Amino acid sequence: MPAVVEVRNLHKRYGGTVAVDDVSFRVEQGEIFGILGPNGAGKTTTVECVEGLRTPDGGEIRVLGLDPLRDRAELTQRLGVQLQDGQLQDRMTVGEALRLYRSFYRRPADPRALMAALGLTAKERTRYADLSGGQKQRLSIALALIGSPEVAVLDELTTGLDPQARRDTWELIQGVRARGVTILLVTHFMEEAERLCDRVAVIDRGRVVAVDSPSALTERVPDGQRIRFRPSVPFEDGLLTELPDVTGLTRRGDLVLVTGTANALNAVTSVLARHGIVAEHLRVDQPSLEDAFVALTGNHPTTGTGDADSPGAVHD
Ligand code: ATP
């Protein structure tokens, strides 16, 4: 089956700045595909090339088999793009915006159904300027979907939303995908990528450093698994350090700390059991997507769930 979005060796410069060096990925039918990376990694430039808003300096892009520049008119009918804040007139109401955008499409969705799905029905007559940040965000998603697109590109979907609104939006996007829409999602947020995306392309300094499912990315983290226990009887370090899945062993008092690959827990517990040793107070910490991100990019995001300028976001 042909990919819904195919990007091959994309290269884009702004003057002397290389924004996208060499980016390739494929998004399959029905996927929620994330583009994750630190500030300035080239994420927005990449999706703007996919949308036909920027002209690449090299490489090839196909969306639904179309060339975003040459076939722009046709693609506009089939690709939904989330508007950035400030692209709507302040005096326009929610209902007016949806009806206006509806008129641009051959097969538009029903504005009332979209308003209902996005919790905007009560705001139909509210002007854009009077909407809260979360309501503006939901309207931008509604406008991305008003043309009944086959593929939607959402850039910084939940930036500026509070944790509850963020979770509601994730649920909504899963519902959109369940209706058959393929979604390309740019995000700063580890939790968003982990919860929502089937696969993620991690982009760093204009290059793809990994493409995989969030769980497969975390499994690749060296020393990712951290196992802590109190052995019921003393044992020699070598019993565990000679296991291929174990990468390190330290002791703190009578506590043993073992690091290793995704299989380390199995390997450690079975060796201990074979020697009649009980691992008391056993605790296992799995690596997170954030650990994978740090391992892949060397960038240290802070933790939490704020907006782009608060904890949870990836910064330079
Ligand atoms: P962020 O997460 O901060 O939005 P990003 O990963 O989306 O970042 P881009 O916005 O694509 O990254 O920017 C990639 C690089 O290109 C950055 O160094 C940025 O400063 C530069 N850049 C982006 N747009 C322009 C432009 N219009 N003119 C000049 N340089 C630009």
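This is a predicted model: local features need pLDDT of at least 70, side-chain atom pairs count only at pLDDT 80 or more; totals for chains, interfaces and linings use all residues.
Modeller: Residues are numbered from 1 along each chain as its sequence is written, and side-chain values use heavy atoms, with hydrogens and water left out.

Colleague: Into which domains is the protein chain divided?

Modeller: Domain bounds come from an automatic or database domain assignment. The division gives domain 1 (1-78 + 150-219 + 287-309), domain 2 (88-146) and domain 3 (225-286).

Colleague: How much area do domain 1 and domain 2 bury between them?

Modeller: The centres of domain 1 and domain 2, taken over C-alpha atoms, are 24 Å apart. The contact (heavy atoms within 4.5 Å) takes 14 residues from domain 1 and 11 residues from domain 2. Buried area is the accessible area (1.4 Å probe) that two parts lose on being put together, summed over both. Of the area buried between domain 1 and domain 2, 61% is on carbon and sulfur atoms, and the total is about 1,000 Å².

Colleague: Which residues in domain 1 lose the most area to domain 2?

Modeller: Together they account for 45% of what the domain 1 side buries. They are Gln 77, Leu 161 and Leu 172.

Colleague: How many salt bridges does the rule find across the interface of domain 1 and domain 2?

Modeller: A salt bridge is a side-chain nitrogen of Lys or Arg within 4 Å of a carboxyl oxygen of Asp or Glu. The side chains of Arg 106 and Glu 74 meet in a salt bridge at 3.4 Å, N to O. Across the interface of domain 1 and domain 2, the count is one.

Colleague: Where does the largest pocket lie?

Modeller: On a 1 Å grid over the protein atoms alone, a pocket is an open set of points with protein on both sides within 12 Å along at least five of seven lines, and lining residues have an atom within 4 Å of a point. The space in the largest pocket is about 460 Å³, a volume being the space filled by probe spheres set on points joined across faces, edges and corners. Of its 22 lining residues, the closest to the centre are Glu 51, Leu 53, Val 81, Gln 82 and Leu 83. Both domain 1 and domain 2 give residues to the lining, so the largest pocket lies between them.

Colleague: What volume does the largest cavity have?

Modeller: A cavity is a set of grid points where a 1.4 Å probe fits but cannot get out. The lining of the largest cavity includes Thr 76, Gln 77 and Tyr 105. Its space comes to about 40 Å³.
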